[in-house]
Amino acid sequence: RDAVKRFVNDGDTVALEGFTHLIPTAAGHEIIRQGKRDLTLVRMTPDLIYDQLIGAGCARKLIFSWGGNPGVGSLHRLRDAVEKQWPQALEIEEHSHADLANAYVAGASGLPFAVLRAYAGSDLPKVNPLIKTVTCPFTGEVLAAVPSVRPDITVIHA
């Protein structure tokens with residue numbers, strides 16, 4: 001309770017990362033209990049806790065690489081927010097897993113963007129205008145570039 005009160009502010013970019021039993025569910029529930037609002041949520045694979053955060057009206061934007069829960073299926077509040085603007089409209093920014101992992105590394109390294117070649121043959125750059133291309137100054141290869149991810153607060157279960 002105290003950590004969320006002290007470190008999570010309305011309007012922050014928040015990453016709650018972890019997989020299966022390492023998902024920081026308690027932190028997500030505390031964010032909901034404290035009524036945090038206008039959050040940009042970042043997650044490699046948004047799951048049920050993110051669906052709850054969206055359904056509780058905490059999220060303004062979701063930056064993600066795959067939306068769903070392998071054991072449960074679709075995230076219904078995510079879908080409602082995107083399709084019906086319920087409980088409020090949700091801006092989405094979709095990336096690949098490789099892209100988002102590299103964007104985290106770039107952010108942690110203090111770099112403005114990440115470079116990867118993972119989008120060859122993909123349609124994702126057509127729906128995400130933040131995926132740009134850069135030409136390697138050494139080889140001339142055209143690569144994908146994406147903005148770094150620098151959350152205001154990150155919670156991982158260790």
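A residue is called buried when its relative accessible area is under 20%, and exposed when that area is over 50%. The exercises below apply these terms to a predicted model.

**Exercise 1. Determine which residues of helix H5 are buried, and why they line one face of the helix.**

Solution. Begin with the extent of the helix: H5 covers residues 97–108, and its 12 residues reach 17 Å from the first C-alpha to the last, which is close to the 16 Å expected at 1.5 Å a residue. Next, apply the cut-off of under 20%, which gives Asp99, Leu100, Ala103, Tyr104, Ala106 and Gly107 as the buried residues of H5. Finally, turn to the residue just after the helix, where glycine 110 takes a positive phi of about 75 degrees.

**Exercise 2. Identify what covers the buried residues of H5, and describe the sheet of three strands, S5-S7-S6.**

Solution. The cover over the buried residues of H5 includes the strands S1, S2, S3, S5 and S7. Of these, S5 and S7 are the strands that H5 lies across, with the helix running at about 140 degrees to S5. S5 and S7 belong to an open sheet of three strands in the order S5-S7-S6, in which the pairing is antiparallel. Strand S5 (113–116) and strand S6 (132–135) are the edge strands, since each pairs on one side only, and the twist from one strand to the next averages 40 degrees.

**Exercise 3. Describe the two ends of helix H3, its buried residues and what covers them.**

Solution. Start at the N-terminal end, which aspartate 47 caps, with a side-chain oxygen 3.2 Å from the backbone nitrogen of isoleucine 49. Within the helix itself, which spans residues 48–55, the buried residues are Ile49, Tyr50, Asp51, Leu53 and Ile54. Their cover includes strand S1 (13–17), helix H2 (25–33), strand S2 (39–43), strand S3 (59–64) and helix H4 (76–84). After H3 comes glycine 57, whose phi is positive, near 80 degrees.

Conventions. Residues are numbered from 1 along each chain as its sequence is written. This is a predicted model: local features need pLDDT of at least 70, side-chain atom pairs count only at pLDDT 80 or more; totals for chains, interfaces and linings use all residues. Side-chain values use heavy atoms; hydrogens and water are left out. Two strands pair if DSSP finds at least two bridges between them. Helices (H or I, at least four residues) and strands (E, at least two) are DSSP runs, numbered from the N terminus. Axes are lines fitted to C-alpha atoms, for helices over the stretch in contact, and angles run from 0 to 180 degrees between N-to-C directions. Contact means heavy atoms within 4.5 Å. Buried means under 20% relative accessible area, exposed over 50%, partly exposed in between (1.4 Å probe, protein chains only). A polar contact is a pair of N or O atoms within 3.5 Å; within protein, one must be able to donate a hydrogen and the other to accept it, and residues adjacent in sequence count only if both atoms are side-chain atoms. The expected span of a helix is 1.5 Å times one less than its number of residues. The arc is that of the directions from the helix axis to the C-beta atoms.
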